[in-house]
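Dear colleague,

I am passing on the structure below, and after it you will find an account of what came out of the analysis. Please read the two together.

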2 protein chains.
Amino acid sequence: MLDKTRTPDDVAGLMAGIGRTARAAARRLAVASPAEKTAALVAMAAAVRAARGEILAANALDLAAMQGAGQAASFIDRGTLTPARIEAIAVALEDIAALPDPVGRTLAAWERPNGLKIERVATPLGVIGIIFESRPNVCADAGGLALKAGNAAILRCGSDSFESCTAIHRALVAGLEVAGLPAGAIQLVPTRDRAAVGALLSGLGGNVDVIVPRGGKSLVARVQAEARVPVFAHLEGICHVYVDKAADLAMARAITLNAKLRRTGVCGSAETLLVDRAVAGSHLGPILDDLAAMGCEIRGDAEVRALWPAALAATEDDWRTEYLDAILSVRIVDGVDAAIEHIETYGSHHTEAIVTGDAEAAERFMNGIDSAIVAWNASTQFADGGEFGMGAEIGIATGKMHARGPVGAEQLTSFKYRVIGTGQTRP
Amino acid sequence: MLDKTRTPDDVAGLMAGIGRTARAAARRLAVASPAEKTAALVAMAAAVRAARGEILAANALDLAAMQGAGQAASFIDRGTLTPARIEAIAVALEDIAALPDPVGRTLAAWERPNGLKIERVATPLGVIGIIFESRPNVCADAGGLALKAGNAAILRCGSDSFESCTAIHRALVAGLEVAGLPAGAIQLVPTRDRAAVGALLSGLGGNVDVIVPRGGKSLVARVQAEARVPVFAHLEGICHVYVDKAADLAMARAITLNAKLRRTGVCGSAETLLVDRAVAGSHLGPILDDLAAMGCEIRGDAEVRALWPAALAATEDDWRTEYLDAILSVRIVDGVDAAIEHIETYGSHHTEAIVTGDAEAAERFMNGIDSAIVAWNASTQFADGGEFGMGAEIGIATGKMHARGPVGAEQLTSFKYRVIGTGQTRP
């Protein structure tokens with residue numbers, strides 16, 4: 001399905017033009033009013049609903065190609081659109097429309113002794129490149145969230161959803177036009193050629209400010225390795241639950257079960273359980289029994305296997321593995337400091353939880369762990385923009401620059417300083 | 001003065017070890033109390049004072065080498081330490097000690113309907129690499145500011161100040177040790193070998209979180225081009241003053257004169273003056289007369305030269321040039337929108353000022369300009385962390401990620417989310 005009619009030079013030229021168009025659109029969006037952006041998002045939702053037949057027809061082409069290529073059923077399911085899924089795309093756009101506008105917020109304000117008023121106000125970031133894999137709804141979600149924060153978006157979809165995304169994108173552009181905003185505010189890379197990804201990662205001559213990859217580990221790893229601009233992403237979520245000696249057993253059971261098994265394929269699912277040696281005798285068995293009863297495979301260290309013999313043997317690799325499956329590695333540790341040491345050695349700085357009734361141990365854990373999210377007596381599966389009350393997220397970031405944790409509309413903004421004087425000059 | 005005794009492999013190994021040491025120190029600093037950091041900074045100041053003789057002796061070696069190499073007098077002056085300059089280094093450390101601690105601040109806090117409390121709290125960034133040129137005081141300023149924000153610092157000084165920085169660094173380490181903090185919290189790269197810079201820019205295997213270059217345009221350009229980690233910097237400050245039709249003439253004269261000539265070598269000095277055509281007849285002459293009387297060279301477009309014939313002819317290159325000298329390019333524009341267009345086309349997103357009595361024009365300018373700092377009726381030379389009330393700055397950034405404008409202790413922090421529950425699991 002590669003487009004053989006374009007040469008690499010054509011793709012470079014095409015992408016350079018997309019970058020310039022995006023930058024020009026971003027300048028217009030930077031001064032767009034909240035009402036204009038809301039109107040565009042509401043009009044996009046209406047246009048998506050109106051284009052339902054067209055989108056389903058486009059999706060049928062994608063599905064036929066996926067079936068022809070022998071893709072797995074789960075993969076094809078992720079790429080499948082139904083009337084209900086198309087309605088969900090429209091509702092998501094309306095939800096974004098209803099969020100508070102993150103641009104123009106006064107983040108800080110103070111006055112200097114010389115009378116200068118200084119304000120730090122939120123501004124758009126500029127141009128956001130979004131590279132995503134099979135789910136076509138990301139096209140609308142990411143484009144809409146970028147717009148809400150006053151940013152232009154360059155969307156690069158997976159080849160398998162190219163026709164579906166092209167149809168959805170047409171509806172997004174229709175919504176922009178209804179609101180009088182530039183069509184270039186949300187562009188979809190109009191070719192399946194893989195050279196376009198490399199071009200986007202290069203930053204298109206300064207016309208891309210940040211890249212957000214949405215997909216599997218190999219996509220994120222490539223983007224992190226090759227991008228010449230900042231990236232908001234997490235490579236993996238090796239999340240931990242630590243059951244402290246002061247943990248309530250019932251709470252530890254409920255949280256561990258939820259953290260591991262509520263959904264195993266999400267980045268906030270727990271991959272490793274650490275249990276304080278002081279309560280291993282009383283707590284380990286019931287927790288692992290719960291998990292095993294729900295079909296979870298347990299891989300433990302020697303001490304775990306001595307206490308709970310059904311466990312398989314964990315290897316060093318297990319501590320570094322994001323299973324994204326019903327498998328849990330389990331280790332006995334000597335208290336909160338050893339738990340911190342394990343997590344800082346093997347973790348991925350995503351989300352970690354401590355279960356304890358001891359406030360001092362909880363503080364020590366939450367301060368000592370260098371992760372985007374640290375939870376006390378709550379499941380790691382709350383690692384989600386919606387659960388945080390952000391309304392929508394474009395992903396979760398584990399880097400320490402700018403955006404960390406769930407990346408919602410606020411996190412897609414930058415800021416500037418406004419200095420307001422009455423003629424002051426600097427001595 | 002290259003150290004010929006080391007092979008490139010030795011330098012790679014040396015730098016890798018420095019990275020690991022810094023990461024280990026950063027973990028300790030992340031949980032250091034405000035009192036520990038304050039004690040270290042105060043002890044550093046005392047150690048700098050106590051080492052005055054040693055530092056002056058080391059500086060004498062650097063100065064001799066600079067003279068031997070035929071360096072310019074201004075360059076040698078920047079590298080010269082005196083008892084007064086050493087005292088200033090100590091006072092600067094005490095000033096940093098007295099700043100509020102930026103770590104642990106609650107940046108936001110809210111509660112979810114399910115009872116989860118969510119807090120966003122400031123954390124250290126981690127490890128900061130600082131690459132600087134001749135002034136040895138940067139060694140103490142940058143190391144001290146990084147420490148204040150709980151970060152480990154890896155300092156790479158210019159070859160010309162290597163002996164001076166080594167002596168200052170010894171005093172910083174003495175201060176750390178007095179406070180019981182790890183000596184590895186502030187490391188100075190102990191070789192002049194240039195391969196060390198490349199290693200630092202590579203990020204030392206994930207052990208450097210951000211790089212701050214302090215020096216001339218060629219250093220910053222190299223760092224921006226080669227760094228594989230985020231960079232806080234500005235390449236240049238092509239700052240503008242726009243005199244609007246509603247500008248008070250006396251204010252426009254005072255602000256333009258200050259913005260251009262208070263100091264010509266700082267990044268916040270104005271390089272281009274834009275004058276609204278509507279007041280060119282009345283305002284241009286007096287403003288340019290002031291500047292010319294102070295020895296400033298004027299380079300104008302054809303309209304400027306028609307009104308003020310002593311101006312030299314500006315070329316297209318002039319609009320893109322940071323003179324860092326007593327030279328100003330001047331252009332007549334059609335109102336605020338044309339001023340915005342010029343600045344967005346030729347500027348460097350650093351600092352721009354509008355002089356006007358018209359609040360609507362000022363809003364339009366401040367919203368339409370995508371620069372780190374936008375000023376209304378104030379000189380561009382206020383672009384400075386001290387003038388902003390931040391107490392100290394490590395530099396000024398023009399990127400849009402994380403830190404923008406003056407980079408003080410607060411800007412050297414990241415954040416994490418703390419989720420505090422009572423046993424919540426996600427439905």
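How many residues does the contact take from chain B and from chain A? It takes 75 residues from chain B and 75 residues from chain A, where contact means heavy atoms within 4.5 Å.

Please keep in mind that this is a predicted model, in which local features need pLDDT of at least 70 and side-chain atom pairs count only at pLDDT 80 or more, while totals for chains, interfaces and linings use all residues. Residues are numbered from 1 along each chain as its sequence is written, chains are lettered from A and ligands numbered from 1 in the order in which they are written, and side-chain values use heavy atoms, with hydrogens and water left out.

Between them, chain B and chain A bury about 5800 Å², of which 49% lies on carbon and sulfur atoms; buried area is the accessible area (1.4 Å probe) that two parts lose on being put together, summed over both. In chain B, the residues that lose the most area to chain A are B:Met401, B:Tyr417 and B:Arg426, which together make up 14% of what that side buries.

Eight salt bridges are counted between the two chains, each a side-chain nitrogen of Lys or Arg within 4 Å of a carboxyl oxygen of Asp or Glu. One of them joins the side chains of B:Glu387 and A:Arg426, at 3.3 Å from N to O. Strand E16 (residues 413-424) of chain B gives the largest share of the side that touches chain A, namely 11 residues; strands here are DSSP runs of at least two residues, numbered from the N terminus.

Strand E13 (residues 373-378) of chain A runs parallel to E16(B), joined to that strand by five bridges, and pairing requires that DSSP find at least two bridges. Within E16(B), B:Gln424 is the bridge partner of A:Ala378.

With kind regards

Key. Helices (H or I, at least four residues) and strands (E, at least two) are DSSP runs, numbered from the N terminus.
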